[in-house]
Amino acid sequence: MRSSFVKYFFLISVLLFFSFTALGISFLSAASNSVSEQRLQSLRSCADEVCRSSERFVQAGIISPDEDLRETLRTLSAVINAHVMVCDPSGKVLVCSDGAHTGARLADRLTAAALRGEGMLFDQIEGFASDAQTIALGLVQRGGITYGITVVNSSPEFERTLLAVFSRSYMFSAVIVLLVAVFSVYGTTRFMARPMRDMAVCAQSFAQGNFTVRVNRWTHRTDELGELACAFNAMADALAKQEELRRGFIANVSHELKTPMTIIAGYIGGLLDGTIPRERESETLALVRDEVLRLSRMVSSMTQISLLQSGQEDAVKFKSFDLCEMAMRVLLGMEGRINAKGLKVGLVLPEQQEAYVFSDPDGMTQVLTNLLDNAVKFSDEAGELTVSIVKRGGQYIVSVRNQGPTIPPGDIRYIFDRFHKADRSRSQDRSGLGLGLYLVKNILGAQKVDIFVTSENGETEFKFALPESREERSRSGSEKS
């Protein structure tokens with residue numbers, strides 16, 4: 001298969017060749033017509049001048065072929081490079097510019113046509129080339145009587161020579177320009193094809209699983225190919241990152257699944273071989289149930305994340321709802337855990353105790369549940385837990401704040417990554433999946449909402465903003481008016 005470089009180069013070369021050929025044919029045709037017209041005009045003017053000059057040599061009803069008339073014809077012949085003759089009415093040559101054709105006769109058809117006054121004729125003359133240009137004018141007159149015929153005969157050799165000069169000049173210029181154009185096209189096509197060839201090689205490396213190759217040698221270019229090279233490298237970086245995340249995800253999933261499955265297998269094995277006493281069977285089955293529920297939560301979370309990242313329309317369903325009511329409902333669901341740790345709960349709500357937002361209610365329930373679960377889990381005993389919903393402009397700012405260990409600055413940037421757990425979380429709560437905050441990030445990201453986290457002086461706060469619903473905005477406007 002021929003490369004695009006060969007195809008492009010061949011196409012441009014053929015187009016250039018035919019363009020120059022068409023241009024040359026048009027140019028030479030126009031030049032030939034122009035030269036012929038100018039030549040015929042010169043011959044016609046010369047014939048008219050010979051007629052006027054010959055009238056004064058008419059004596060006793062005939063043209064006197066004296067030396068003065070011959071000299072006049074020789075002068076005109078030298079000026080226009082043609083044979084000039086004066087003939088009598090019968091077509092016999094009386095005077096000739098070169099003296100070699102005196103006494104010769106014109107063809108009867110040419111003589112008759114000249115005497116009829118047809119003016120410009122083209123015919124063969126005895127002793128001249130068959131392709132010579134002839135102008136015969138029967139205008140040597142006096143008193144309305146024709147005494148002679150003026151004939152100007154020119155060989156086309158002059159025009160041929162001139163056209164040959166034009167042709168050589170054009171061919172020389174055309175060949176030089178065509179060669180320059182072909183080499184320019186060759187260099188340009190290679191210059192354009194090499195980056196694409198390198199990108200094709202890199203793409204083949206990607207297909208084989210090697211995501212380290214790049215096309216950095218072309219990124220310095222300021223044209224579209226330079227932009228394409230930069231975009232290609234950006235795509236390669238994204239693919240490499242995705243591949244790294246994929247491998248990490250598989251490794252993390254394998255690790256997270258291995259632990260509960262090992263525990264379940266150990267407990268069931270103990271029950272089957274009698275290692276675990278009969279009086280502890282209920283306790284053991286409860287532990288097995290907890291691990292199975294943990295696996296179920298993990299699979300459910302991963303399925304929800306996958307659905308969100310796929311961009312399916314069913315993943316997010318926007319509607320208007322009261323965020324304050326939702327937050328209180330989630331808090332009530334965690335009342336047992338909150339009381340067990342002796343936490344002091346603070347709830348900051350708008351003055352009207354309502355906050356209608358336009359969002360996905362199911363997704364927001366999951367977000368608040370995960371954030372509050374995380375806050376309760378890592379709060380100090382008898383610490384403070386604050387949920388704040390404050391209206392600012394056309395948005396409601398949602399904040400979940402707790403008192404507990406400060407998140408190290410190095411961990412904050414990774415806190416929303418999947419399966420990320422700080423060491424303290426592993427030691428405090430083995431039931432965590434490391435997917436809660438990652439799921440929060442994806443749910444809010446699907447709604448084009450950013451979430452921010454700060455942690456300092458023993459206080460950690462998660463904050464994000466949701467748009468006010470249109471109904472709430474309309475009602476607020478009506479109350480103000």
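1. At what angle do the axes of α7 and α9 cross? Roughly 45°, with the axes coming within 10 Å (axes are lines fitted to C-alpha atoms, for helices over the stretch in contact, and angles run from 0 to 180 degrees between N-to-C directions). The two helices are therefore oblique to each other (under 35 degrees would count as roughly parallel, over 145 as roughly antiparallel, 65 to 115 as roughly perpendicular, and the rest is oblique).

2. Before going on, a word on the basis: this is a predicted model, where local features need pLDDT of at least 70, side-chain atom pairs count only at pLDDT 80 or more, and totals for chains, interfaces and linings use all residues. Residues are numbered from 1 along each chain as its sequence is written, and side-chain values use heavy atoms, leaving out hydrogens and water.

3. Overall, there are 13 helices and 13 strands (DSSP runs numbered from the N terminus: H or I of at least four residues for helices, E of at least two for strands). Of the 481 residues, 38% count as buried (under 20% relative accessible area, with exposed over 50% and partly exposed in between; 1.4 Å probe, protein chains only).

4. Back to the helix pair. On the α7 side, Leu323, Met326, Ala327, Val330 and Leu331 meet Pro361, Met364, Thr365, Leu368, Thr369 and Leu372 of α9 (contact is heavy atoms within 4.5 Å). An α-helix has 3.6 residues a turn, so residues three or four places apart point the same way.

5. α9 itself is mostly covered, with 12 of its 17 residues buried. Among them are Gly363, Val367, Asn370 and Lys377.

6. The largest nonpolar core has 40 residues, and Leu323, Leu371 and Phe464 have the most contacts inside it (such a core is a set of buried Ala, Val, Leu, Ile, Met, Phe, Trp, Tyr and Cys residues joined through side-chain atoms within 4.5 Å). Elements supplying at least two residues each include α7 (323-333), α9 (361-377) and β13 (459-467). The largest share, seven residues, comes from α9. A second, separate core of 18 residues includes Leu43, Val50, Phe57 and Leu94.

7. Phe464 is worth a click. Leaving aside neighbours within four places in sequence, its contacts include Met364, Val367 and Leu371, as well as Tyr396, Leu444 and Ile451.

8. Now look at Ser388 in strand β10. Ser388 is buried, with a relative accessible area of 12%. Setting aside neighbours within four places in sequence, Ser388 is in contact with Val348, Ile397, Val398 and Ser399.
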